[in-house]
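Let's take a friendly tour of a protein structure. Keep the picture in view as you read, and look for each residue when its name comes up.

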Amino acid sequence: MAETSSPLPLLFRRRSSGEVLKNLATVSSSLLPAFGTVVDDGYLHLRKYVIAPYDFRYRWWQTFLVVLVLYSAWASVFELAFKKASRGALLVMDLVVDVFFAADIFLTFFVAYLDKSTYLLVDDHKKIALRYVTRFWFFMDVASTLPFQFIYRIFTGKWHSGDVFGFLNLLRLWRLRRVSELFKRLEKDTRFSYFWTRLLKLIGVTVFAVHSAGCFYFFLAAHHKDPVKTWIGSEVEDFKHRSIWLGYTYSMYWSIVTLTTVGYGDLHAVNKGEKIFNMMYMLFNIGLTAYIIGNMTNLIVHAAVRTFAMRDTINELLRYASKNRLPEGLREQMLAHMQLKFKTAELQQEEVLQDLPKAIRSSISQHLFRKTVEKSYLFNGVSEDLVSQLVSEMKAEYFPPKVEIILQNEIPTDFYILVSGAVDVLTYKNGTEQFLTKLGSADMAGEIGVIFNIPQPFIVRTKRLSQVIRISHHHFKQMVQPNSEDGKIIITNFMQYLKGLKDDIRQEIPFLTELLEEQSMEPIGQDEQQNREGLDSANANPEGTLKTSNPSLSARTVRVIIHGHHPNEGTMSSEGLGKLIYLPDSIEELFRIAEEKFGNRGSAILMADGSQVEELDALRENDHLFII
């Protein structure tokens, strides 16, 4: 059996997902294997009679001991101040508590520990025992558990009247470290409110400080040589022989009044020792008050920090809009978008998931948006692999009502799929805004500009609060290029969508009517053959550009203007104005198109300056080509 065991598999021993999450929530330290450590089934179980430190039963045992620690912390100081209490019922309770902590010392010899160098659990009995015995913890655990006064009573047959055993009992305060460890774990446990956990911790620290100060102050009065010349003796005669709870009440009253800086003066220091203790206690109160105020301020401000950030950002936007004299409508859009950003911050995919591994982010995106992408017309019938790749690269965004998602004539960098809400498709014509159509869930916007590589032909504006997912032109081409069959399906879906558009929408897209006419005139067999050739060339193309049967739908969409005459020959005919076409894949194809447009087949291609074109890759958008 191996001497070390990885804690990672043990976190998932219980099959229930709810139990796994519950177990993970209670892990307070980084119980993770080191980088490069091989975790296999051989590490699945610890040695016999070895307890995992994160085992839920051991955690419940530790929580039970914390309850006993609270009693020990109260009783240790109380028994020092009120000696009579240490020999009554509290003595029996102390012995019972000590038995439980003695049992915990025994259990510690069987609890595996985490090796800080390898981050593996060590389950070797000898190593566990040697590590515990050679550490300071073992000595303090034993010293805080031994009932010294009871042992003295067994050996001598009488009770010791001095204060030495009272001070030895203060060693039990060592157990308070368990309370600190519990609060550290609770603060990291998402099942518990961080605010209330911290508040409970602050209350506990304050109560213990009040209790300890009051008991020590009574101890000073009880051991002064002249009981009358003490803070309580001047008010209560013969206080040593009065009820224990009377003295405790006076002590707590003085401690609370002093801690809160009220200081009524009815109980005040009389002798020199009490004055020194008062000064030390008030200095301590300054630090304690600062600690409490600082923590409470952080808790309260933390809840409002997003509100402060939102107000600061909005004020900056208002100053910017005022300085640049932006119109009221644009200013309202800016404010609406910023307010929506803060209201939906917890829903923004990027901001919430940016720290998660890519595999988890992809799984979440698949769960949220896969069905929407599959419903969109463009990806109808494509492979599941392509859908998964597309969804993983999509970004989710929210848009408030009456906000433009896409502006007319802007560069086509992204296209969008509407998840929820509704948008209007508009256009500007003759200086007026005209409504074209309305889009709903699973509809797409901006894909025409992206696929044709032309400025966006429409305005897309939200009607109400809308959620969209977007993907960039670059990522889209990158994923479609290796999938030739999917590319063919996408082009087919796109062409079918264009054919179904209304006439008023078609008129807003240049060359679309002519393109559809050419597509309808091509023989089916020729179309399939050209598609097959285009897809084969895409696989052979070192640049990986997607080529289709129609040059205008190629990934390399460059528009040029062709002329049927020499650049030095000016003409006022319709041919002289040129023809805007998409650059084909070869010079021969360009000559064929020129023959169709001008009626004569050329043999040379010239630029406007007279230079001859030998490679089409050297051409740029909107170049004028003269074919002679």
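The report below goes from the whole chain to its cores, its rings and its strands.

## The whole chain

This is a predicted model. The protein chain has 23 helices and 15 strands. Of its 628 residues, 42% count as buried. The chain exposes about 35,000 Å², and carbon and sulfur atoms supply 59% of that area.

Contacts tell you how the chain folds back on itself. Among those between residues at least 6 apart in sequence, 68% join residues at least 24 apart.

In soluble globular proteins, nonpolar side chains tend to be buried together. Here the largest nonpolar core has 51 residues, and F379 and F452 are the ones that touch the most other members.

The structure holds 34 aromatic pairs. One of them joins F136 and W174 edge-to-face, with 5.9 Å from centre to centre and 85 degrees between the planes. This pair links distant parts of the chain: F136 belongs to helix α6 (residues 136–145), while W174 is in the loop between α8 (164–169) and α9 (176–188), 38 residues apart. Is F136 buried or exposed? F136 counts as exposed because its relative accessibility is 53%, and the cut-off for exposed is over 50%.

Y217 and W231 make a stacked pair, 4.7 Å centre to centre with 15 degrees between the planes. Y217 lies in helix α10 (residues 194–222) and W231 in the loop between α10 and α11 (244–259), so this pair ties together parts that are 14 residues apart in sequence. Both Y217 and W231 are buried. Elsewhere, ring pairs link Y71, W74, F78, F82, F218, F239, W245 and Y248 into a cluster.

## Arginines over rings

Two arginines can be found over ring faces. R175 lies over the face of F101, at 4.0 Å from the ring centre. R177 lies over the face of W137, at 5.5 Å from the ring centre.

## A closer look at helix α6

Which residues of α6 are buried? They are M140, D141, A143, S144 and T145. An α-helix has 3.6 residues a turn, so residues three or four places apart point the same way.

## Strands side by side

Strand β7 (residues 423–429) and strand β8 (residues 432–439) pair in the antiparallel sense over 7 bridges. L426 stands opposite F435 in β8. The two strands, β7 and β8, form a hairpin with 2 residues between them, and N430 in the turn has a positive phi of about 55 degrees.

Another place to look is an open sheet of 4 strands, in the order β13-β12-β15-β14, with mixed pairing. Its edge strands are β13 (579–582) and β14 (605–606), each pairing on one side only. Within the sheet, β12 (residues 559–563) and β15 (residues 623–627) pair in the parallel sense over 4 bridges. I561 has H624 in β15 as its bridge partner.

Notes: Residues are numbered from 1 along each chain as its sequence is written. This is a predicted model: local features need pLDDT of at least 70, side-chain atom pairs count only at pLDDT 80 or more; totals for chains, interfaces and linings use all residues. Side-chain values use heavy atoms; hydrogens and water are left out. A nonpolar core is a set of buried Ala, Val, Leu, Ile, Met, Phe, Trp, Tyr and Cys residues joined through side-chain atoms within 4.5 Å. Buried means under 20% relative accessible area, exposed over 50%, partly exposed in between (1.4 Å probe, protein chains only). Rings of Phe, Tyr and Trp (its six-membered ring) pair if their centres lie within 6.5 Å; planes under 30 degrees apart count as stacked, over 60 as edge-to-face and the rest as tilted. A charge sits over a ring if NZ of Lys or CZ of Arg is within 6 Å of the ring centre and within 35 degrees of the ring normal. Contact means heavy atoms within 4.5 Å. Accessible areas come from the Shrake-Rupley method with a 1.4 Å probe; for residues, only the protein chains shown count as cover. Two strands pair if DSSP finds at least two bridges between them.
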